[in-house]
Amino acid sequence: MTEQFKIVIVGAGPAGLSAAGRAHELDIAYVLLESAPHLANTIYAYQKGKYVMAEPSVLPLRSPYEFAAGTRESILESWQQRSDQLDLNIRYRAEVTAIQGQQGQFTVSLQNGDQIAAENVVLSMGMQGNLRKLGAEGEDLPFVQYQLQDPDEFEDETIVIVGAGDSAIENALALAGQNNVYIVNRRDEFARAKERNVQLITKAIEDGVIDCFYSSSINRVEALVQASSNGEQGLLVLNTADGEATLEVHRIIARLGAIPPRKFLEACGIELPSADPSAVPAVDQYYQSNVAGLYVIGELSGAPLIKPSMNQGYEVIHAINGDPVAPVDEELLWDKLNQLVGVSNVKQALDLLQQGIAFLGSLTHMQMREFMLDSELIFPSPGTVIYQKNDYSDEFYSLFSGDVSLIANIDVPDQAMNLQPGEFFGEWSLISGRRRAETVTAGKNCVLLKTSRRAMRKLMLSVPDVQQEIDRIAVQRTLQHFLVPGVPPEMLEPYAQRSSIERFKPHDVIVHAGDAPDVFRLIRCGSAMVKRNLSGKDVVVSFLPVGSFIGEVPLLSEKPSRETVLATVNTETIRVDRDILIELMDQFPAVRSRLDMSVQETLRKEIQFANHPEAGDLVAFMMDQGIGEGTDVLMIDETLCVHCDNCETACADTHGGVSRLDREAGPSFAYLHIPTSCRHCEHPHCMTDCPPDAIHRATNGEVYIEDSCIGCGNCQSNCPYGVIQMGVVKENKTSLFSWLLFGKGNAPGSKDGDASQNDKANGSDKLAQESATPKIKKAVKCDMCKGLVGGAACVRACPTGAAIRLAPEKMVDLLRERNRRAS
Amino acid sequence: MHESFFRYQNFFWLKVAIALSAVSIALYAWHTPSVVANGGTWLGYTLGTVAAVLIVWLAWFGARKRDYSSSSSKISGWLSAHVYLGLALIVVATLHTGFQFGWNVHTLAYGLMIVVIVSGMYGIYLYAMLPGRLASNRQGMTREQMLDEIRDLDETALGLADQIDSRVHEVILRSVEKPGVMLSFWQQLTAGKLGKDPLDSAERFLRGYQNDLVDATLFLDAQPQSGAQATMMYISNVMAGMEAEKVDKLRALMETVGRKKSLLKRTRRDVQLKALLQLWLFFHVPVSMALLAALLIHIISVFLYW
Ligand SMILES: Cc1cc2nc3c(=O)[nH]c(=O)nc-3n(C[C@H](O)[C@H](O)[C@H](O)COP(=O)(O)OP(=O)(O)OC[C@H]3O[C@@H](n4cnc5c(N)ncnc54)[C@H](O)[C@@H]3O)c2cc1C
Ligand code: HEM
Ligand code: HEM
Ligand code: SF4
Ligand code: SF4
Ligand code: SF4
């Protein structure tokens with residue numbers, strides 16, 4: 001018997017459930033097929049107790065099911081309840097193996113041989129059912145697994161983890177405590193994972209806690225005929241750099257990610273846009289694939305998160321039912337766009353913006369919508385200052401209409417530059433992470449599109465065209481700013497075109513000693529240090545922040561470089577080859593004098609360092625501690641510090657009882673101590689992966705965390721300097737007077753413990769309030785005392801003058817002072 | 001850049017203090033009262049008032065120091081002023097008295113003031129001398145790390161001792177069980193130099209034990225090698241092997257104990273230095289409170305009985 005439905009939905013994940021629920025509400029004949037014996041298998045397979053996030057937070061949820069951030073367990077339970085309540089037509093253990101036919105008459109075949117007829121099919125099967133396998137003989141043996149739910153389940157086993165991504169590393173670390181763990185990495189380093197994970201795994205490998213096979217791949221897996229004396233059941237054969245290696249193992253856990261079920265999709269007639277194994281089917285605005293009547297939603301259509309997947313489930317049902325709803329973000333977008341003159345709907349407005357702003361031209365409509373969610377239109381009145389030179393803000397602006405003027409040097413106002421509609425500005429701070437290089441003032445009829453740093457970086461990463469276009473202009477402007485101030489950047493176009501951008505990782509060599517003097521470089525992001533070999537020892541002779549030149553001395557003197565230049569952090573340079581630079585010098589005499597100035601400065605610095613070789617070691621130490629990428633670093637002079645901890649107490653007192661600095665912790669060198677406290681990096685590592693985008697940078701460079709933090713801990717693990725903690729911050733503070741005179745409240749700066757006692761004594765209404773909003777731990781870190789008049793409390797509270805906060809550009813002064821003291 | 005409170009803003013407060021003292025001295029020299037110079041003349045009143053205001057302000061430092069959200073200048077500036085103006089008090093207050101000292105409450109206030117000032121001088125002597133020493137003694141470790149490492153060394157030592165014999169184990173255990181670092185108030189200040197240290201006796205014991213062992217090994221090796229004693233020879237070799245292993249273990253143990261000893265010494269030194277840096281304040285502050293009380297009595301009494 002074949003049943004017949006208007007809609008067959010394949011896969012009861014968030015997307016499929018939401019679709020089925022909506023079909024149910026609209027009384028459409030549907031069935032939901034799920035291969036697992038329970039709902040939402042992907043979420044079911046999350047690690048126990050995982051805190052699931054509901055992102056993007058600005059996006060409303062449109063679904064018959066509820067979904068808010070919470071634990072895996074609570075979410076699964078609420079969905080189960082809702083399904084029971086709706087009496088959903090769901091079939092478990094119903095794995096779909098094939099779909100044939102066309103719109104109106106599809107045949108859906110199940111594993112058990114059943115067939116179901118369908119007018120339309122919605123594929124919402126995710127990708128987790130198709131985990132990437134080892135791709136070698138034995139990949140399906142019972143002791144080879146592709147997921148890990150509960151690391152505590154295993155003890156005293158020999159386990160091999162295959163993979164170098166975050167899940168692989170996290171699993172390896174979680175298992176290493178009570179097992180003998182190996183990790184197999186195809187490459188010679190861990191590059192794909194989050195920085196923090198890379199650090200942890202590298203350390204574990206160095207400490208011998210985990211053994212790593214680098215540059216190795218799986219040859220084959222075999223089952224042992226007889227388990228070994230320790231209970232190992234399998235044999236893993238690896239191809240390593242030194243030939244084959246074999247290991248007896250209890251278990252192999254491969255974490256290689258998931259890919260779309262290509263074979264299945266192609267058998268259904270769905271075309272995939274590229275041969276890339278991770279390519280997903282292309283769908284139209286109603287999620288319909290190239291096969292009419294066959295719809296694809298959720299992760300399989302490229303929506304990577306739960307909430308958007310659920311919204312798609314709702315929308316696809318309406319589309320099939322013939323009454324399509326506007327996408328859920330329509331209203332949000334309209335609120336942002338309706339002030340544009342002459343537009344009557346979102347699509348029109350977005351098209352207009354795309355036509356008007358050149359670098360947006362290559363975006364698809366969906367990308368444009370996403371971009372606009374993170375952007376905002378502003379209509380500044382003439383004369384409004386958009387931002388000031390030397391501010392630390394980092395938004396990116398595109399000029400849609402009217403004009404703005406940019407002044408880089410306040411003293412020479414006639415060098416102001418006017419931008420045309422369609423151009424953008426603010427790219428310098430976005431790229432370099434440094435202060436604004438110019439002051440921007442709105443002109444007449446100015447309409448600007450303002451985009452957050454995060455959205456811009458995301459866009460540049462995902463759309464190469466955008467990156468290219470922005471870099472094209474940025475290179476012109478950077479060359480102009482540092483080499484030929486005063487000429488219109490367009491004039492540098494031919495030179496910029498022939499320059500290129502190079503990217504270096506920390507410790508990469510930019511220039512080797514002895515390299516021919518034929519490349520000039522300008523650091524546009526990151527920093528570098530210069531080493532010279534003095535009597536057999538590599539000595540640091542200089543430190544180059546953003547905006548510095550590399551190679552100008554060899555070029556002008558026409559002698560090979562005597563120094564090695566190394567990137568201290570992730571660094572980008574603009575590379576200008578010798579002949580281009582010479583042409584540039586010929587056309588613009590100013591270039592020559594700029595270079596001469598830089599040569600002088602470089603030589604002066606080098607003499608300084610050469611007289612005090614020990615200062616070089618100090619620089620090297622400071623680079624290691626992230627001063628090269630910091631904008632403001634707490635440093636304690638150990639010859640002054642009396643260990644009174646007034647600095648910590650001051651911080652705790654002004655920051656809800658949790659000190660953001662740990663004075664004792666952190667390294668020291670030559671009586672200079674760098675306590676554990678935020679360095680306010682140019683490109684803050686903590687910002688890379690904050691789901692609610694709660695980490696920001698204020699105009700003075702302070703990197704701070706907003707209340708919207710959900711306590712996921714990502715920033716804590718991303719910070720390479722360990723300065724972020726998870727803590728409960730209290731608001732209430734008693735005044736100093738009542739403490740001094742009446743002993744009321746907390747002693748200034750008292751920490752967590754004493755304060756909670758105090759809460760109890762504070763009367764019941766307050767308690768009731770607090771229990772209503774459970775205290776969740778949020779990320780806390782130094783905010784450079786952003787809100788405090790007078791600045792850093794720790795520095796101001798230090799009685800001896802031992803504690804200072806220092807910007808890296810002042811580092812040379814610090815070294816000079818120390819040199820003076822030393823001599 | 002780093003700027004110690006001594007040099008705060010190019011010795012600004014030192015200059016102010018010198019100026020204040022100079023003006024006081026000049027006035028005192030110029031002033032020729034009808035009576036012998038004392039606190040009752042107009043200059044006496046003036047200097048006394050200045051001195052009293054200074055004292056109250058100096059004492060207020062304790063409160064200011066704890067008002068962390070106050071935005072008025074840096075505490076290192078306050079301390080700089082505290083130190084130099086505190087020293088200037090010696091001049092101002094002394095001139096106020098007109099050198100009329102006696103056994104009365106007035107001179108008590110004066111005496112207390114001098115005591116506070118002298119203790120303050122001791123304090124800044126410590127502030128100047130100790131931080132560098134404390135840092136080099138730490139060798140880049142935190143106190144926590146030092147204690148952790150001591151615990152690790154203890155464990156290693158116990159493990160090794162266990163493999164040697166029970167007597168050694170017992171001795172080591174004794175040296176571990178006695179709290180080695182956190183000492184009494186007095187011991188903190190003297191870096192625990194008092195009394196017998198179980199670690200010293202453990203070390204002495206180990207040295208003796210090692211000598212015995214080495215002797216025994218040598219003795220065994222020195223056995224005559226006649227054919228008749230081949231069996232004996234065999235046994236002695238085995239024993240020598242065993243003993244040699246013990247000697248090795250013992251050497252490792254002694255090294256561990258030695259490392260612990262030097263680390264312990266450094267930790268105690270750390271405790272001592274930190275204590276020195278802080279404990280003087282427990283004298284400075286109470287005496288300054290007493291001074292405030294005595295000063296109050298002085299002022300009230302001169303108005304009542306004058
Ligand atoms: C470890 C991990 C953590 C994540 N954390 C978050 C988070 O915190 N927040 C967030 O928003 N997103 C998170 N995601 C992403 C999120 O899980 C997915 O975006 C979401 O599950 C996609 O939903 P879906 O309905 O498209 O697919 P899925 O949730 O994968 O559901 C697909 C369903 O289809 C079933 N199925 C598959 N094949 C067949 C078949 N042939 N026949 C019948 N049924 C089939 C499966 O059993 C499964 O139940 C995370 C993902 C992973 C892997
Ligand atoms: C408002 C502040 C002060 C006032 C009004 C004041 C007033 C006086 C007067 C009137 C005398 C003279 C008493 C006499 O001759 O019998 C005196 C003496 C003296 N004062 Fe003050 N004084 C003040 C502050 C101080 C301070 C700060 C000190 C030091 C801590 C001090 C220490 C002395 C001493 C030691 C004498 C000499 C006592 C003596 O004559 O036997 N006074 N003061
Ligand atoms: C009569 C005069 C003085 C009074 C009443 C006085 C009072 C005080 C008080 C109340 C404190 C605060 C301590 C705390 O709460 O932690 C203090 C600190 C201190 N005083 Fe004085 N003082 C006096 C003179 C001096 C002088 C003359 C010196 C130095 C020569 C000095 C050096 C110091 C130092 C170094 C501190 C510690 C600062 C710190 O570490 O926070 N004082 N004094
Ligand atoms: S601030 Fe840190 S802990 Fe909070 S949400 Fe962002 S990344 Fe997570
Ligand atoms: S600058 Fe402010 S927030 Fe940062 S460590 Fe110092 S006191 Fe704390
Ligand atoms: S407040 Fe100054 S002297 Fe006191 S511990 Fe901090 S840095 Fe050291």
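Reply: A definition comes first: two strands pair if DSSP finds at least two bridges between them. Please also keep in mind that this is a predicted model.

Me: Fine. Which residue does A:Val10 stand opposite in E8(A)?
Reply: A:Val10 stands opposite A:Leu123 there. Strand E1 (residues 3-10) and strand E8 (residues 115-123) of chain A pair in the parallel sense, over 7 bridges.

Me: And what is the bridge partner of A:Val10 in E2(A)?
Reply: In E2(A), that partner is A:Leu33. E1(A) and strand E2 (residues 30-33) of chain A run parallel and are joined by 4 bridges.

Me: What holds paired strands together in general?
Reply: Strands of a sheet pair through backbone hydrogen bonds, either parallel or antiparallel.

Me: In what order do the 5 strands of the open sheet in chain A come?
Reply: The order is E9-E16-E10-E11-E12, with parallel pairing. Strands E9 (144-145) and E12 (210-213) of chain A are at the edges; each has a single partner strand, so one side of each lacks a neighbour in the sheet.

Me: How many bridges link E11 and E12(A)?
Reply: Strand E11 (residues 180-184) of chain A pairs with E12(A) over 4 bridges. Within this pair, A:Val181 has A:Ile210 as its bridge partner.

Me: New topic: how many residues surround ligand 6?
Reply: There are 13, and the closest include A:Cys641, A:Cys644 and A:Asp645. By class, the shell has 8 nonpolar, 3 polar and 2 charged residues.

Me: Last one: is B:Tyr305 buried or exposed?
Reply: B:Tyr305 is exposed, because its relative accessible area is 70% and exposed means over 50%. B:Tyr305 lies in helix H10 (residues 281-305) of chain B. Together with B:Leu296, B:Ile300 and B:Leu304, B:Tyr305 makes a nonpolar surface patch of about 500 Å².

How values were computed: Residues numbered from 1 in each chain as written. Chains lettered and ligands numbered in written order. Predicted model: local features only at pLDDT ≥ 70, side-chain atom pairs only at ≥ 80, totals over all residues. Heavy atoms only, no water. Patch = residues over 30% accessible without salt bridge, like charges linked within 9 Å, V, L, I, M, F, W, Y side chains within 5 Å. Areas by Shrake-Rupley, 256 points an atom, 1.4 Å probe, with all protein chains shown as cover. Salt bridge = Lys/Arg side-chain N within 4 Å of Asp/Glu carboxyl O. Helix = DSSP H or I, 4+ residues; strand = E, 2+ residues; numbered from the N terminus. Buried < 20%, exposed > 50% of the residue type's maximum accessible area, 1.4 Å probe, protein only. Near = heavy atom within 4 Å. Nonpolar A, V, L, I, M, F, W, Y, C, P; charged D, E, K, R; others polar.
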